[in-house]
Each structure stands twice: as C-alpha cells, then as structure tokens.
Amino acid sequence: MTKVSRRNILKGGAAFAAGSTLGAPMIWAQNIKDVTLRQFGTGVSNLNDVANKVKEDLGFTLEMTALDSDSVTQRAATQPNSFDIADIEYWICKKVWPTGNLQAMDTSKIKNYDKIVGIFRNGKLTPESTIAQGTAPHTVGFTEGPDGKGFVDNESGWMTLIPTIYNADTLGIRPDLIGRPIKNWSELLNPEFKGKASILDISSIGIMDMAMVVESMGEYTYPDKGNMTREEIDLTMKIFTEAKQNGQFRAFWKSFDESVNLMASGEVVIQSMWSPAITAVKSKGVECVYQPLEEGYRSWGGGIGLSASLSGLERDAAYEYINWYLDGWVGGYLMRQGYYSAVPETSKAHMTENEWGYWFEGKPATDTITSPTGDALAQAGEVRDGGSFQDRMGAVACWNAVMDENQYMVRKWNEFIAA
Amino acid sequence: MALPIMAVLMFFLVLPIVMIVTVSFWQATEFSIIPAFDFENYEFLFGSNVTYRVFFNTFKYAFITWVFTLSIGFTVAYFLAFHIRSLTWQIVLFLLCTIPFWTSNIIRMISWIPFLGRNGIANSTLISWGVIDEPLDWLLFSDFAVILAFVHLYTLFMVVPIFNTMMRIDKSLIEAARDAGASGTQILWSVIIPLTKPGIMIGTIFVVTLVMGDFITVRFMSGSQSANVGRLISNDIALLAYPSASATAVVLLLTVLIVIGIMLRFVDIRKEL
C-alpha cells in the first residue's frame, strides 16, 4: 500500500487521492488486463473454474498446466522461465527452493497472512499440538530474506510458498467387500486381503505409506519416517517386497484415475488413496470409505510459489492473485471437494452452513452434500469420514517428505517395482 | 539422389543416437545434468541384479510373444494365401485383419482391462458356465495379461510380411512338388516355409523390436507389478535421471541389434527379396 502510494505522489495529487481511497490495485486496473500469468502444478488445484473466476474477478488471464508430481518437480527445477506461478507441494519446495528458481514472498503484502492456520506458520495446529514427522510445511515455508536460499525456523516475513491447499490422507477401503471394521495401517499387508491390496507407485509418497504400515505392524519404530537411513529404507522395502512376492498386491497405481478404477471395479478393496478419488468412487454409486486409522494420517500441503524471474506488473498481479486465492472463493471450492483451505475462516463465507458443518466441523449433513460439479456426495445425516478439521489435521502422524537418502530410496523403489 | 536421404538419416537417426551415447556418460544429481566422461551409469547398471532380472523379463516377453504371433500370423497368412482362391476375397479378408488398427494401440490394450478383471466379462462368463467357482485372478495384472496384449497388438505385424512373401511364391512350384508325390506336410515344410523365411524374418524383427522397446503395455497390463527395460528407462526419465536412462537405452539398443544380427545370420533378407 505504502509503496504504491509513494509512486502515486509522483504521478500527481489526483492519482494520490484516488489511490489512497480506492485501494492500491485500482491504479493499474487498466493495464492488468493484458497480463497473462502461467501457472503449473499438480491436478488437484489446477482447475479451469479457478482460471475463469480469476478472469472475472481480477481481469487478467491465468494459464493452467496440470502435470504429475514428478514432472512438476522437474519443471520447477529445470525450466524456471516456463512458468510464472508454481503450484507445488511443500516436499517439492524442499527440493526446488535451493535451485533459486523461486523468489521469496513478502508476507506484509499478504492481506490474510495473520489468518493462515498455524500448521503453515509455526507448525502447530493448536498451541498444544506436537509437530508431525516428515517435511512439515513450516520447516520449508520461510526463508531468511528477499534473496534467501535457505530455510529458517521462524516466521521471518518471507515465505517460500503461500499455502493454499492441504489434506490428511489415509487408506481407502470398500466396506461392502471387507465387511468388518478396519482400524490400522497394518491391514494393508493383512493376508486376508491377498491379491486385493494396492499402493501408489510414486516413490516419495509411497514410502511414507509403507512406513505407516511397518510401524503399525510393530516391525519397527522410525526415529523419523520422513528421513530414513539406508538401513531403514532397506528394512521397509524388504517387508513390502516379501508381501509383493506373496501376491499381496493386485496392482500399483500412478494416476488418480487408476486408483478410482481399481477401487470401483472391486479389483482392490484396500489401498492408498487420495480424498477426491474416494469422492469419485462414491459418485459412481459404489460404497467407499476414507478410513481414519489409529496411527493417524499421512498429510500433505501445497502452496503457490513465484518464479524468480517474475517482476513489475506481473509480480503485482501475482500478489493480487495470491490475496484473491486466500480470500475465500477458491478455499470454499476446494473445501467442497474435501480439501482444506489455508485460511478456513474466509472460505466459510463461500459455503453454506450445511457444507461448512459437514466438511469442516464434522457435523452430520442437514441436507444433500454436492461437489462443486454437482454430484451428490453425501445424504442428510451422514458424517464426513474422520470427522472435523481438528480431528483430522490434529491426528497427522507424518508429512510427505524428501529424505536425505532420496536417490538411494528411489533406486530401491525401482527394485521393489521390478522385484 | 542419396544426399537428401543421408541428411535425413543423419539428422533423425545418427544424431539422436550420438546424443544418447554421449549423455549416457554424463552424471546427474537430482536436478542437474553434468557433462562428464564417467562409467558410473554403466557400473550401476551392470552391478545391479535388478538389471539382469529385467533384461531376462524383456527377453521372456519377446520370446513368448514371438512364438504366439508367429504361429497365429503364419496360420492366418497361409489361409489367406493358399486357401482363398479369389483375389477379391483375399483383399477383403486382409483388410478385415487391419480393422482393429483403426483405433489406437492404447485403447486396444486398455479395453482388455474390464474384460479380464476380477468381475469382468471373462470371469463372469466362465462362472455362469460353471467352468470355475472362483474368479481367476491371474487373468489381469499378470504376465498372462501382458503377453495376451502383446499378441493382440502385434500379430498383424507378422501377418503382413508373411502374407506378402507367400503371395509371391510361384504356384507352379507347389504343383511340381505335388506331382513329384510330396504330401501336404512335406510341401509346407520343404517348399512354403523356406520360401517364406524372409517374410517370417521381417515379421520377427518387427515383433521383437516392438516388444523389447515397449513400456506402456507392461505397465498397464501388469498393473505396474512387472518391469521390462522400457519401464526402467521411463522411470529414470520421470526422475530426471537422463544419463542413467541413456545408459540403459544404449545397452537395450545394442542388445536388440545383436539379436537382429543373429537373426540375419539365418536369412539373408536382401538376397531373398
């Protein structure tokens, strides 16, 4: 605000008056229409509806490209000039930030910064909560200054990513085909489900699901699941390779659609899954539960980062976009898909009381719950799997992570797939 | 006359291969590729028993697929060439064989998945006929499914060249053999097969190279549970390990060239054409 006003003084008193009464963005409201920002990221939040709404609300054009996690990481790390806005996960940020392809963001320009949930600021959902293992977002969320290349452990005022979306992941099950309660991660390797289990074939996420299972089986307790030693990786892979050779797994999946098809067709009754995949199975009329488990959730978080080459009007537009992002409309859209918004309270205004109660507060639905695209997801009286925001995000056992031994892990993962 | 062809081959064949070979000696960290001359990629490749298992798997797929595509392809071509008398019908039936090729490879492959699944058409039909009581799990996401898809996808590559050479066999040779008292089996074994060898060889080269270079069929039909060399390469590429992917590609290329070299020992295609 102050900066813009100073510029306006030079332009003349009239502009100054307009600038200070109407708010900063209005000054460049005319030429901003010519701005095009190129955003890329994983499919979860690269939604055309968002691009359309940006055009409508802010006037500039947002070009979206959706890629899988591996390609996103590659592109952020190797093609800094191919994007303006990177919509990436925090574990990807840990890999990409040191390359210098992203620029630090000034939190004083983020209107709703103070309302961002604690997970992304000091790591704590509530003052009493303990911080989960893995790459917790706040550990890679801040850097020392505008030109920072490292991470700092306090709210330095310069963020690497502005958090946008996150969720707590667990196993998906087919209750109709299992017919008994599932309470632990270890059930994934239960011989009862021989030939009917699946795990995702994305090494950095799959290894965390594996670790949850190994701990739940009582085979080993990791000092830090998010940063295993070579011995720990070997041990984890050994348990899963044995299970694979005994025919425990029906298939491995790599894309969202594959996981939906495996579950909906009944090929698989228990598997690692993502929240909207459950929704997709349900919308086919097939019973499917995102089963809360005693050991807790494996969580992930995503945010928006700015390309290092972004400057001037484009950068102003990007900040405007970020402020708009946290302003509630997108948050409401994402929350109605089962994700969480970084600033839940602004999203509330964009959801009905019934929706807010069902998705966020864990209350029984008072009416039919529909997805943003209009599919019915739950009927009156139903409660969200896992309950409220506090119940779900408060039970996170680990975050998606990048390990120091990442390359070794990836090689071992390839061996596991080939075994 | 040769210059344009040379230029095209240089640009689209020789240059990329030179690039791949060069990069295979480079080093890679997670995000950067460092030009170097280093045997690390090859050392890792030959030092890991996964590589040998995966290459064995690739040969296994190629061999079994070859056996099936050859026997089916030869039979179809033989029927078309010697049992159908009119040229019109030969053309009609031959075109019929190509109809599946009007859709893409991927679609033809993926359409097997609902058919072979646990609750798929195959299993439910077999159960309703009383042949089996429990669904057969090995129908899908197994080596069986992979080979079935390969055979389905690539049999035509066997049919076409074999049919082509069969059509060129002088019918009077067969009549002469019959006049000389040869039985049907003898004619097939001593006249038709030797004269069809170039077609068989061309079909074999097609099928073997296609199967050995494939990665997507193996990924989908095995439910990501089996690996061949192509998947090794695609995994490396996904993780930005281009040098290691290149090294694997070079080894695969050499392997395929050796296989083809051995095959060409048996039949001199140029002489036979």
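This is a chat about a predicted model with chains A and B.

Biologist: What should I know about numbering and the model before I start?
Modeller: Residues are numbered from 1 along each chain as its sequence is written, and chains are lettered from A and ligands numbered from 1 in the order in which they are written. This is a predicted model, in which local features need pLDDT of at least 70, side-chain atom pairs count only at pLDDT 80 or more, and totals for chains, interfaces and linings use all residues.

Biologist: How many helices and strands does chain A have?
Modeller: Chain A has 16 helices and 18 strands. These are DSSP runs numbered from the N terminus, with helices being H or I of at least four residues and strands E of at least two.

Biologist: Why call chain A as compact as a globular protein of that length?
Modeller: Its radius of gyration, taken over C-alpha atoms, is 22 Å, close to the 22 Å that the globule rule gives for 419 residues, so chain A is as compact as a globular protein of that length. The rule is 2.2 Å times the number of residues to the power 0.38.

Biologist: What share of chain A is buried?
Modeller: Buried residues are 49% of the 419 in chain A. Buried means that 20 or more other C-beta atoms, placed from the backbone, lie within 10 Å of the residue's own.

Biologist: Which strands does β1(A) pair with?
Modeller: Seven bridges join β1(A) to β2(A), residues 61-67, and the two run parallel. There A:Gly41 has A:Ala66 as its bridge partner. β1(A) also pairs with β3(A), residues 85-89, in the parallel sense over three bridges, and A:Phe40 is partnered by A:Ala86. Pairing here requires at least two DSSP bridges between the strands.

Biologist: Changing topic, how many residues of chain A are in contact with chain B?
Modeller: 23 residues of chain A are in contact with 18 residues of chain B; contact means C-beta atoms, placed from the backbone, within 7 Å. The largest share of the chain A side, seven residues, comes from α16(A).

Biologist: What does α12 of chain B pack against?
Modeller: The buried residues of α12(B) pack against α16 of chain A, together with α3, α10, α11 and α13 of chain B. Seven of the ten residues of α12(B), residues 229-238, are buried, so the helix is largely enclosed by the rest of the structure. Among them are B:Leu232 and B:Ile233.

Key:
Contact = placed C-beta atoms within 7 Å. Buried ≥ 20, exposed ≤ 12 C-beta atoms within 10 Å, placed from the backbone.
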